[in-house]
Amino acid sequence: MTSIVLKRRALRIEQHPTIPLYVFTLAAEEVHQVADVARISRDEAGKLIGYQRPEKKQHVRQILEYLDSDEVLFPNGLIMALPASVRFKSSPGPSSSDGLCTSGTLEITLPDSPDAPRPAWIVDGQQRSLALARTRNTRLAVTIAGFVAEDLETQRDQFLRVNTVSPLPTNLVTELLPEVGTALPTKLSARKLPAVLVEALNHDKDSPFCGLVRRPSTTAEQKADAVVTDNSLTTAIQEALNSPSGAFFPYKNLSNNTVDTATIRQILVTYWTAVRDTFPDAWGLPPTRSRLMHGVGIRSMGRLMDRVMMAIDPASPHALQQARDELALIAPHCYWTKGRWPDLNIPWNELQNNPRHISTLSNYLLRIYVQEKAKAA
């Protein structure tokens, strides 16, 4: 079967020295033929594939209603990652370029059958692209900005950058950040190390969180076991990294901006293994059955980690037992799955993942720990 080559007038934007960028138009019905959506998921080996969030059906329906109306002005373009196989032919004559862009013709080879993989990927505008594929206004001209990048790393990097005005779900950003190797904006860069550590905790066999962290790529079959939200764990790690009194702060070298990630990971595994061993009946349960697995429990125990692990050498062969001994001091005063937190006057299942309850529970755990520590001295 002869391949179909789609030809469109285009501008090549002189922007990046090695990544070509083109601006062109497609008819609404052609968008679906040219590009697909890279849904975030994981392969059988656990490797992250894709980067797009799920379809928002109501949002798509609202766009479709507008596209199907009588008079449509649709300046909202799409951003696509194009394959290296695209060809650009400059228009003849010196007037084809003004130093900023060059006019010409862009050629995109389409698949031989509707079931074959499409040559491009939607980086921004997936909800719009879904509506465009369904509109009866099939010849509506759609503005496309396409950059040539077949590697997922570059696509994810651009995906994170362009989705800043309308923020992406925090947990989606958290899962994608470890896969991006390029320089990131300061705010995203600060979140990358916690995201990498959460990724390790969820996949490393020696981690007490192995398989327990719920992420955007978590399948329906895995959700029964994935009882901890990655946002709570990521935030707990961020606090320990950024606070001068945090357990991880001593392992940041501010002079050369390096971090002893291996030691931080060891502290996390040691401490949370001790938590699991101290509260076995509360570990691994859904948050509705255990507030230890709830955001309020993860965040509050994360703050207690700063005090407990400060005095423990993570490289010591006795580190895990030392952490267990420290947590044993608070164990009789905790009510993760039943009862009432006496000093707080709150039933166990009414603690919520909000700043007031996180602060209240954190202060309570720290106060009990200090009191019991003083008694044992």
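Mentor: Handedness, then: a crossing is left-handed if the near helix is turned anticlockwise from the far one by less than a right angle, and right-handed if clockwise. This is a predicted model, where local features need pLDDT of at least 70, side-chain atom pairs need 80 or more, and totals for chains, interfaces and linings use all residues. Numbering runs from 1 along each chain as its sequence is written, and side-chain values use heavy atoms, without hydrogens or water.

Trainee: So which way does helix 9 pass helix 11?

Mentor: Helix 9 makes a right-handed crossing with helix 11. (Axes are fitted to C-alpha atoms, for helices over the stretch in contact; angles run 0 to 180 degrees between N-to-C directions.)

Trainee: Who's touching whom there?

Mentor: With contact meaning heavy atoms within 4.5 Å, helix 9 brings residues including Val 296, Met 301, Leu 304 and Arg 307. From helix 11 come, among others, Ile 358, Leu 361, Leu 365 and Tyr 369. The residues of this contact split into 10 nonpolar, 4 polar and 3 charged. (Asp, Glu, Lys and Arg are charged; Ala, Val, Leu, Ile, Met, Phe, Trp, Tyr, Cys and Pro nonpolar; the others, Gly among them, polar.)

Trainee: New topic. How many helices and strands in the protein?

Mentor: The protein has 11 helices and 16 strands, taken as DSSP runs numbered from the N terminus (H or I, at least four residues; E, at least two).

Trainee: And what's the strand order in the open sheet?

Mentor: Its 8 strands go 3-9-6-10-2-1-8-7, with mixed pairing; to pair, two strands need at least two DSSP bridges. Strand 3 and strand 7 are at the edges with a single partner strand each, so one side of each has no neighbour in the sheet. On average, neighbouring strands are turned by 40° against each other, direction ignored.

Trainee: What does strand 9 pair with?

Mentor: Strand 3 in the parallel sense, over 3 bridges, with Asp 36 opposite Trp 121. Strand 6 pairs with strand 9 antiparallel, also over 3 bridges, and there Ile 79 faces Asp 124.

Trainee: Is strand 9 enclosed or open, and why?

Mentor: Largely enclosed by the rest of the structure, because 4 of its 5 residues, 120-124, are buried. Buried is under 20% relative accessible area, exposed over 50%, partly exposed in between (1.4 Å probe, protein chains only).

Trainee: Which strands does helix 3 touch?

Mentor: Helix 3, residues 126-134, packs on the sheet against strand 3, strand 6, strand 9 and strand 10. Its direction makes about 125° with that of strand 9.
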